[in-house]
Amino acid sequence: NNTLRELVARRNELTAVGAASLARALHLNRSLAVLELGGCTRIGPDGAKALAEVLPKTDSLRALGLRACKVCGAGAKHGLYAFVRALERNMSLRRVDLSANEINDWGARELALVLAKHNTSLVELELGSNALDDEWLLRGHVLNTEVDRQLPSVVTSCQRNARKATGVKDAVKAHAQLVDASRPGYYLFHAAEHAVAELAAEREE
């Protein structure tokens, strides 16, 4: 199917096996801009890994929602680590929701590093309701730890990407152009129309 633009399958019984099947289909699809799987708690780290591994192979997806999918369930790291590696190479995603997935400071640091050093497309990475320090989510903030010096927070790097995407120098205004700040913690799937229009414009070039 190369006409589907948006797939919303929140809070269903999708398992890791089902997520892997969906990932294979996503690899073949060239039109899907929005995939929302929030609340599919049986996806788990294995299903998240399968979805993450296909991301570098697709350039149509703009928004991915995985809120409360147990990406780091039972302390597993491989699901989130796969997302970190995927974000090194995927430059089409604009918004990713990984909130409520048991992500800790280790995971936040890995995401912050990949955003600071590699990814230039993501303008919103939702990490609310996770077990991580608020410092990782502060606007305009850099962290100095025992390991890292001047590491931008996740939000700081997303704001940098927003400035580049909009040409607006003020980070907050640039971010506001791309994100509905009045709905914090809720994934912005009404942005699908913008994503589809953007995809169509790219194909006309």
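A: Among contacts in the protein (heavy atoms within 4.5 Å) between residues at least 6 apart in sequence, 79% join residues at least 24 apart. This is a predicted model, in which local features need pLDDT of at least 70 and side-chain atom pairs count only at pLDDT 80 or more, while totals for chains, interfaces and linings use all residues. Residues are numbered from 1 along each chain as its sequence is written, and side-chain values use heavy atoms, with hydrogens and water left out.

The protein has seven helices and seven strands, these being DSSP runs numbered from the N terminus (helices H or I, at least four residues; strands E, at least two). Along the sequence they follow the pattern β-α-β-α-β-α-β-α-β-β-β-α-α-α. Of the 205 residues, 49% are buried, where buried means under 20% relative accessible area, exposed over 50%, and partly exposed in between, with a 1.4 Å probe and protein chains only.

With a relative accessible area of 22%, Ala100 counts as partly exposed, because the buried class takes in only values under 20%. Leaving aside residues up to four places away in sequence, Ala100 touches Arg67, Ala68, Cys69, Gly128, Ser129 and Asn130.

Five strands form an open sheet in the order 1-2-3-4-5, with parallel pairing, two strands being paired if DSSP finds at least two bridges between them. Strand 1 (6-8) and strand 5 (124-126) are the edge strands, each pairing on one side only. Between strand 3 (residues 63-65) and strand 4, the parallel pairing runs over three bridges, and Ala63 has Arg95 of strand 4 as its bridge partner.

Elsewhere in the chain, helix 2 (residues 44-54) is mostly covered, with eight of its eleven residues buried. Among them are Gly44, Leu51 and Val54, and the cover over the buried residues of helix 2 includes helix 1 (16-28) and helix 3 (78-89).
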